[in-house]
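Open the model in your viewer and keep the sequence panel beside it. This tour tells you what to select at each stop.

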Amino acid sequence: MNQPAARHERGAAMFQQVFGREPRPGSYPEFLRITVDHLFGEIWTRPHLSVEERELVALTAVTLARTEWELRGHIGAALHLGMSREKIVEVIIQLAYYGGWPVANNGLRVAQEVFAELDGAGGKDPDHDR
């Protein structure tokens, strides 16, 4: 198997592990390919951090960046990887000191919405087309 194909296969497997589903192209399939190949095939598969630790980093980053779409996806990924709702909330609360109260307030609002959607869906992760 050539190197780009192996990288894509590693990335697709890591994406599946993190999000619990196959990557699906949306409006920008080329960007998804780059994301799967590079971010998940090279960065997420590096040594020294567990997948769960990498998810905590990603959850922190998207909370601080106030990127609601990505935050929803990473809250779902954190839950899929076995992180409790309480742990997710605690991470967001701690970010108030580093990113500001509005950042934490926004993150907590998004988390509350995701949890409510999950509760309404019988506990299953709603598909957000990510």
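**Before you start.** This is a predicted model: local features need pLDDT of at least 70, side-chain atom pairs count only at pLDDT 80 or more, and totals for chains, interfaces and linings use all residues. Residues are numbered from 1 along each chain as its sequence is written, and side-chain values use heavy atoms, with hydrogens and water left out.

**Stop 1: Ala-5.** Select Ala-5 in helix H1, residues 3–19. Helices here are DSSP runs (H or I, at least four residues), numbered from the N terminus. Ala-5 has 34% relative accessibility, so it counts as partly exposed. The scale: buried is under 20% relative accessible area, exposed is over 50%, and partly exposed is in between (1.4 Å probe, protein chains only).

**Stop 2: the aromatic rings.** How many aromatic pairs does a search of the whole structure find? It finds 5. Rings of Phe, Tyr and Trp (its six-membered ring) pair if their centres lie within 6.5 Å; planes under 30 degrees apart are stacked, over 60 edge-to-face, and the rest tilted.

Select Phe-15 and Phe-40. Their pair is edge-to-face, at 5.3 Å centre to centre and 75° between the planes. This pair links distant parts of the chain: Phe-15 sits in H1 and Phe-40 in helix H2 (residues 29–43), 25 residues apart. Phe-15 is buried because its relative accessibility is 5%. Phe-40 is at 4%, so it is buried too.

**Stop 3: Ser-50.** Go to the loop between H2 and helix H3 (51–64), where Ser-50 lies. Ser-50 has a relative accessible area of 28%, so it is partly exposed. Ala-77 is 27 residues from Ser-50 in sequence and 14 Å away, C-alpha to C-alpha.

**Stop 4: the cores.** Select Leu-59, Leu-71, Ile-75 and Ile-88. They have the most contacts inside the largest nonpolar core, which has 17 residues. Such a core is a set of buried Ala, Val, Leu, Ile, Met, Phe, Trp, Tyr and Cys residues joined through side-chain atoms within 4.5 Å. H3, helix H4 (68–80), helix H5 (85–99) and helix H6 (101–120) each supply at least two of its residues. Which helix gives the largest share? H6 does, with 6 residues.

Another core, of 10 residues, lies apart from it; Met-14, Phe-15, Phe-40 and Leu-81 are among them.

**Stop 5: H1 against H4.** Show both helices. Their axes come within 7 Å and cross at roughly 80°. Axes are lines fitted to C-alpha atoms, for helices over the stretch in contact, with angles from 0 to 180 degrees between N-to-C directions. H1 is therefore roughly perpendicular to H4, a term for angles of 65 to 115 degrees. Select Gln-16, Gln-17, Val-18 and Phe-19 of H1, then Gly-73, His-74, Ala-77 and His-80 of H4; these residues make the contact. Contact means heavy atoms within 4.5 Å.

How values were computed: Angles under 35 degrees count as roughly parallel, over 145 as roughly antiparallel, 65 to 115 as roughly perpendicular and the rest as oblique.
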